Amino acid sequence: MKTYLRILGYARPFADFVPLYFLYTVLGIIFGLCNFTLVIPLLNVLFGTTEQHTATATAPPDFALSIDYIKTTFDYYFTQVTLSRGKLGALSFVCMVLIVSVFLSNLFRYLGLRIIARVRARVIRNMRHALYERITQLQLGYFSGERKGDLMSRLTNDVQEVEGSVVNTLTGVIRDPLFIVAYFVLLLYMSVKLTLFTLLILPVSGLLISGISKRLKRQAHQSQESLGTMLTVIDETLGGIRVIKAFNAQPYILGKFRAQNNEYARTLRAMANSRDLSSPISEFLGVGVVAGLLFYGGTLVLSGESELTASDFIGYLILFSQVLVPVKALGGAFSYIQRGLVAGERILKVVDTEPIIRDKPDAHVLPPFEHQIELRNLQFSYGDQPVLSDINLIIPKGKTVALVGPSGSGKSTLADLLPRFYDPTGGQILIDGHDVRDCTIHSVREQMGIVTQESILFNDTIFNNIRFNTEATEAQVIEAAKIANAHEFIQQTPEGYQTFIGDRGSRLSGGQRQRISIARAILRNPPILILDEATSALDTESEKLVQEALTRLMQSRTSLVIAHRLSTVQHADEIVVLQNGRIVERGTHDELLAHAGGLYQRLNSMQTNGILV
């Protein structure tokens, strides 16, 4: 119930729709009840017993909010028509009232459904937005522990499940209980004895359906988990199709997909079997109650012990049979809703995940960069695994500092700490004396540009990828592309700057993608630049073009450069050598080469001899 109410919370403000929906629902119920109670005067006309039912209705009653007022008012006008126009006129009167009643009940039902449609759209829009917003706020470490396919499943399939099985049943969950209450109020008014008899039997159906609902919730959880795993396999297949084909691994990957697909189909089949069982069970029990009521009530009518006439008893049976419709619908709704509640729980689990990297309540805006970046006694651990220890480093404004070292030495982790992708577990990162943890994340990252080994581009035009998240003019975009050595190849594409580059820039070469990434960083014009192995995945020709672009980009900027190829950082103002998360050497290229037996000298020698590090 808690999950259901939280899902409905996304429909706020409730005042926009609750009063009107409640009004339309109540009016629809009233006219819906009238539709069936009109059967009684109709039967009285047909059985020729109208006189004994209208003898007391000699004057219009005074207004009152009660069933008696409605009944007496109808009896009065029914009597007048019967006396003036006979049985045929009475029959026509009942039929006309029935038509008007059916029209009004359906009109108010339709108006209620229109409101529910608006609520459904609002809930799904707000829930999907909240989930997407939370995903963008979460720290990078969160995504290393989650499957991308599972997150995609929550954004797409889980949201659809909530819409299909939770919000779509909103009408039944609200309207059907009101219908049931209204029916039983009327049935109690007609016969207390018969209604109490039915209330002793109906709870059996509710208990059985409740058991089915619990089983459905278990199966729904298995189904959603299975679908998330299957989407992960699909995502890995599409992303690694080149490797799959190169290793002739189609049968292997197909086997993984078949196993997950079969598991998902099995859980869907089990859910369908359980869900479909609730409807025939409730119908069978309902018919059983009607049969018992027919026998018990019929005995009372035949023996003269009932306050109901034969036509009243038939009307009572018809009304009671209509109670079974919302009861059955409500039981089906609770059974069907379980899958949506599981999907809702999966969505809310992500929404409720608090970002570890976030602004402090009193965070201030980082002033424009003026002097230096200082890493003071910096430490960082992934869980219990230490990655960086006792890092002390000063990067003056306008200088270039390079980080080198063997794989796993902590170079990329150190670079990720500067823009607060992670926060250090010890020590400080100071920019002009300001601890970055005391500053807003936006103001820290606003002063940094990042170019990584993997060029992250979007399925959009070249122009929009370079202009990304800026208000740059076309002339500024072109100028940035020229500085990044990208303008020439862009002009040779089919649509120039308006050419779509495909998913992750798949229509471009690695060097072209990297130069677009550099152009994007140039356009941002950041005072602090982080280059994370920006040329390590390129061929010689592309590396030369990219390196020229990077040299232009680094002019008059404070740069932190991570590189495996030591030849690309020879001109850095300072080279810092990391090993096992600690600084083991530092100095210029020439100073480090002069250190006999040093790690930098050894790395340089290995690369000179063609040995990869």
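Asp-352 and Arg-6 form a salt bridge in which the closest N and O atoms are 2.8 Å apart. Asp-352 lies in the loop between α13 (310-351) and β1 (372-382) and Arg-6 in helix α1 (residues 2-9), so the pair ties together parts that are 346 residues apart in sequence. A salt bridge is here a side-chain nitrogen of Lys or Arg within 4 Å of a carboxyl oxygen of Asp or Glu. Helices (H or I, at least four residues) and strands (E, at least two) are DSSP runs numbered from the N terminus. The structure is a predicted model, in which local features need pLDDT of at least 70 and side-chain atom pairs count only at pLDDT 80 or more, while totals for chains, interfaces and linings use all residues. Residues are numbered from 1 along each chain as its sequence is written, and side-chain values use heavy atoms, with hydrogens and water left out.

Asp-352 is partly exposed, at 40% relative accessibility, and Arg-6 is partly exposed as well, with a relative accessible area of 32%. Buried denotes under 20% relative accessible area and exposed over 50%, with partly exposed in between (1.4 Å probe, protein chains only). Accessible areas come from the Shrake-Rupley method with a 1.4 Å probe; for residues, only the protein chains shown count as cover.

A search of the whole structure finds 12 salt bridges. One of them joins the side chains of Glu-574 and Arg-586, at 3.1 Å from N to O. This pair links distant parts of the chain, with Glu-574 in strand β9 and Arg-586 in strand β10, 12 residues apart. Glu-574 counts as buried at 19% relative accessibility, whereas Arg-586 is partly exposed at 39%. The side chains of Glu-471 and Arg-467 also meet in a salt bridge, with an N to O distance of 3.9 Å. Here Glu-471 is exposed, at 72% relative accessibility, and Arg-467 is partly exposed, at 26%. The search for disulfides, defined as pairs of cysteine sulfur atoms within 2.5 Å, finds 0 in the whole structure. Among the cysteines, Cys-95 is partly exposed at 35% relative accessibility, and Cys-439 is buried with a relative accessible area of 0%.

The protein chain contains 22 helices and 10 strands. Of its 613 residues, 45% are buried. Contact means heavy atoms within 4.5 Å. Among contacts between residues at least 6 apart in sequence, 77% join residues at least 24 apart. The chain exposes about 31,300 Å², of which carbon and sulfur atoms supply 59%.

In helix α22 (residues 599-608), the buried residues are Leu-599, Tyr-600, Leu-603 and Asn-604. Viewed down the axis of α22, these residues fall within an arc of 135°, so they line one face of the helix. The arc is that of the directions from the helix axis to the C-beta atoms. The cover over the buried residues of α22 includes β3 (400-404), β9 (574-579), β10 (582-587) and α21 (589-593).

In helix α17 (residues 474-483), Val-477, Ala-480 and Ala-481 are buried.

Lys-399 is located in the loop between β2 (385-396) and β3 and is partly exposed, at 38% relative accessibility. Leaving aside neighbours within four places in sequence, Lys-399 is in contact with Arg-557, Thr-558, Ser-559 and Asp-573. Lys-399 and Ile-528 are 129 residues apart in sequence, and their C-alpha atoms are 9.9 Å apart in space.

On the surface, Leu-188, Val-192, Leu-196 and Leu-199 form a nonpolar patch with about 310 Å² of accessible area together. Patches are made of residues with over 30% relative accessible area and no salt bridge, like charges being joined within 9 Å and nonpolar side chains (Val, Leu, Ile, Met, Phe, Trp, Tyr) within 5 Å. Helix α9 (residues 192-199) gives the most to the nonpolar patch, with 3 residues. Leu-188 lies in helix α8 (residues 170-190) and is partly exposed, with a relative accessible area of 33%.
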